[in-house]
Amino acid sequence: MVTKVGTKGKTVAAPRKPWRKPWGAIALFIGPVMIAYAIFTVYPLLASIYYSFHKIQPIGPGKILYTFVGLENFKALLNDYRFTDFAVPNTLIWGAFGPVIEMITATTLALIVYFKVPFHRFYRTAWFLPQLVSGVIIGLVFRWIFNVDWGLLNVTLRAVGLDSLALNWLGRTDTPLWVVIFVHYWATFGYSFILLLAGLTTIPEELIEAAYIDGATRLQAIRRVLLPLLRPTFVTVLILSFMGKMRAFNVVWVLTGGGPIHRSETVATYVQKRAFNWTSLDLGYPSAMAVVWFGVVMISVGLITRWLRGQAEY
Amino acid sequence: MAVAQRTTRTKKNTLAKWRRRLVSVLVTIVLLALTLVVIVPFVWMLVISVRSTGEILNNPYGLPNPIRWQNYTKLFFDPEYRFYRYFFNSIFVSGFALLLNGVIATMGGYGFGRSRYDFKFRGLLLAALLGALMLPPQILYIPQFVMMSNYGLIGTRWALVLLYAVGALPVSVYLMATYFSQLPSELEDAARIDGCNDFGMFWRVMLPLARPAMATVILLNFMHFWNELLLAITMNPNPEMRTLPAQIFHFVGEHGVDYALAGASLVSAAAPVIVLYLFLSERFIEGLTAGAIKG
């Protein structure tokens with residue numbers, strides 16, 4: 001509002017110039033983001049899809065040969081025992097068990113800490129520590145902890161007389177995958193826990209107090225009030241956890257490298273091997289693998305979302 | 001917290017009270033045990049870093065005697081290991097990536113956050129940007145490797161600087177945009193009256209106000225850049241320009257089985273982020289939970 005001259009001191013709205021959108025400024029501010037994003041994220045995504053239909057071989061310094069092969073790579077995937085018999089089942093087992101265990105434990109812990117047990121602040125700080133540290137560090141430390149001869153775990157087991165349990169955790173065929181799942185869980189549960197705790201704290205306290213006034217016990221308050229209201233956060237965290245397990249690389253790679261003989265191979269480690277650690281260099285095949293797996297994960301996420309969100313909206 | 005329930009003192013209530021105490025104690029024991037499992041690997045890593053490999057293999061539990069601080073000086077400065085170099089590479093890469101990401105993301109957040117810059121497809125563009133969070137690294141890093149190879153950036157630190165900076169854009173832009181969208185618009189009007197153009201408004205008025213959000217973004221991104229492994233090992237097949245995680249990964253392979261030194265390398269790489277966290281835990285958590293929580 002502007003006082004226009006000559007209106008006897010009354011305040012009137014000055015006629016405004018038609019406001020033109022500041023396109024220059026818009027371009028200046030969001031231009032760099034979108035351009036950088038297009039070059040380094042969108043283009044590689046499209047390139048991966050392009051690669052998956054080709055055979056890509058370096059044939060000399062700086063020269064790469066692209067040969068169109070249509071669906072060959074995808075057909076080869078179905079016939080590749082390392083993919084169909086190890087990488088995929090392992091990753092799927094992980095994607096099925098991991099998030100379930102993580103969500104149950106993280107939610108329980110979040111609820112416990114939410115009710116402010118003694119030392120709750122200490123727990124919150126401590127349980128987040130594994131998230132701060134590189135996967136390489138976690139993988140190495142646990143590789144040593146699980147060492148069959150002098151690792152912390154087996155030495156402890158032998159010290160208390162449980163020699164029979166002091167297995168060759170990383171060397172047998174049946175245990176490495178579970179060691180991987182455990183170590184990765186150790187590394188990531190803190191994140192889920194923190195997210196769920198944050199979700200709990202956004203629930204207005206009056207609702208819980210109202211439940212108490214109505215005579216609910218703590219357990220009933222949890223079941224009838226907190227958990228339902230936590231649901232959106234829960235679903236988000238579940239999906240994040242699921243996606244994380246389906247694409248996890250760092251810890252697995254350092255802990256077992258996918259071994260022994262593929263027993264802890266995941267799709268992520270196998271892509272790495274085919275792309276950069278294989279005798280015959282071809283970037284098309286691992287690209288096809290990555291594209292297929294991305295599709296699988298996205299479809300799974302869609303299904304999970306639909307299943308969980310479709311239930312009882314009140 | 002919860003409204004206290006008043007009860008009269010009866011035998012049943014006293015029993016219930018003792019049961020509650022027992023449960024509380026049990027819960028505390030379980031939680032402390034769990035915390036132990038979380039903390040022990042860190043402590044062990046610290047302890048073995050100041051022992052000798054022979055001692056570790058003999059008795060992994062033993063306490064350092066003597067405390068071999070020289071493991072660290074050896075790791076960092078001995079010509080065979082020269083860890084100071086990788087520390088420097090990590091700082092270099094993280095620093096420039098933070099700078100690049102900071103500039104682009106702050107401007108982007110401003111452009112996406114202020115209502116005066118809204119246009120028909122802005123929401124769509126932002127959604128497309130955030131969609132990148134669904135992309136696993138596997139579907140990006142092979143072409144990224146080829147790109148960097150074509151630019152001649154494999155084996156340099158700049159490959160990582162670029163990829164880290166852009167990789168962190170979705171989260172950073174989202175955080176900044178959310179923050180900027182909550183600032184009152186009177187500030188821009190005031191700046192406009194004072195004769196500022198758009199960039200002036202940004203530079204002189206909004207940016208200084210954005211410091212808290214920028215601090216969160218920087219902290220969060222620093223952690224991710226410092227710890228990143230996949231791209232680090234892909235872009236640096238040769239040791240010279242490797243960052244800490246990449247070199248640590250190759251360390252045990254290249255230097256046989258000197259576990260004490262390896263332990264020291266782990267501690268050195270873990271220390272910066274942990275120290276920052278112990279001072280700034282609230283900021284960390286705030287940054288990491290923003291956006292994932294409805295409400």
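## Close-up views of a predicted two-chain model

View 1. Residues count from 1 along each chain as its sequence is written, with chains lettered from A and ligands numbered from 1 in the order in which they are written. Where they meet, domain 1 of chain B puts in 9 residues and domain 2 of chain B puts in 10; a contact here means two C-beta atoms, placed from the backbone, within 7 Å. On the domain 1 side, the elements giving two or more residues are α1 (11-48) and α2 (53-58) of chain B, and α1(B) has the largest share with 3 residues. Helices (H or I, at least four residues) and strands (E, at least two) are DSSP runs numbered from the N terminus.

**View 2. Chain B meets chain A.** The contact takes 75 residues from chain B and 75 from chain A. Helix α14 (residues 259-289) of chain B gives the most to the chain B side, at 12 residues. Sorted by class, the chain B side comes to 59 nonpolar, 13 polar and 3 charged residues.

**View 3. A helix of chain A crosses a helix of chain B.** Helix α1 (residues 23-51) of chain A packs on helix α6 (residues 138-150) of chain B at about 100°, the axes being 8 Å apart. Axes are lines fitted to C-alpha atoms, for helices over the stretch in contact, and angles run from 0 to 180 degrees between N-to-C directions. The pair α1(A) and α6(B) is therefore roughly perpendicular; that label covers 65 to 115 degrees, with under 35 roughly parallel, over 145 roughly antiparallel and the rest oblique. From α1(A), look for A:Phe40, A:Thr41, A:Pro44, A:Leu45, A:Ala47, A:Ser48 and A:Tyr51. Facing them in α6(B) are B:Ile139, B:Leu140, B:Ile142, B:Pro143, B:Gln144 and B:Met147. The tally for this contact is 10 nonpolar, 3 polar and no charged residues.

View 4. B:Thr216 belongs to helix α11 (residues 211-227) of chain B. With 23 other C-beta atoms within 10 Å, B:Thr216 is buried; the cut-offs are 20 or more for buried, 12 or fewer for exposed and partly exposed in between, using C-beta atoms placed from the backbone. Leaving aside residues up to four places away in sequence, B:Thr216 touches B:Leu175, B:Arg283, B:Glu286 and B:Gly287. B:Ser172 is 44 residues from B:Thr216 in sequence, with 9.2 Å between their C-alpha atoms.

**View 5. A:Leu195 in chain A.** A:Leu195 sits in helix α7 (residues 176-201) of chain A. It counts as buried, with 23 C-beta neighbours inside 10 Å. A:Val113 is 82 residues away from A:Leu195 along the chain, and their C-alpha atoms are 12 Å apart.

**View 6. Two cis prolines in loops.** In chain A, the peptide bond from A:Gly259 to A:Pro260 is cis, with omega near -10°. A:Pro260 is in the loop between α10 (250-255) and α11 (267-276) of chain A. Over in chain B, the bond from B:Asn65 to B:Pro66 is cis, with omega near 5°. B:Pro66 is in the loop between α2 and α3 (70-77) of chain B.

View 7. A:Phe119 has a phi of about 70° and lies in the loop between α3 (81-114) and α4 (120-127) of chain A. Its 14 other C-beta atoms within 10 Å make A:Phe119 partly exposed. B:Arg82 has a phi of about 45°, and its place is the loop between α3 and α4 (83-113) of chain B. B:Arg82 is partly exposed too, with 15 other C-beta atoms within 10 Å.

Conventions. This is a predicted model: local features need pLDDT of at least 70, side-chain atom pairs count only at pLDDT 80 or more; totals for chains, interfaces and linings use all residues. Ala, Val, Leu, Ile, Met, Phe, Trp, Tyr, Cys and Pro count as nonpolar, Asp, Glu, Lys and Arg as charged, and the others, Gly among them, as polar.
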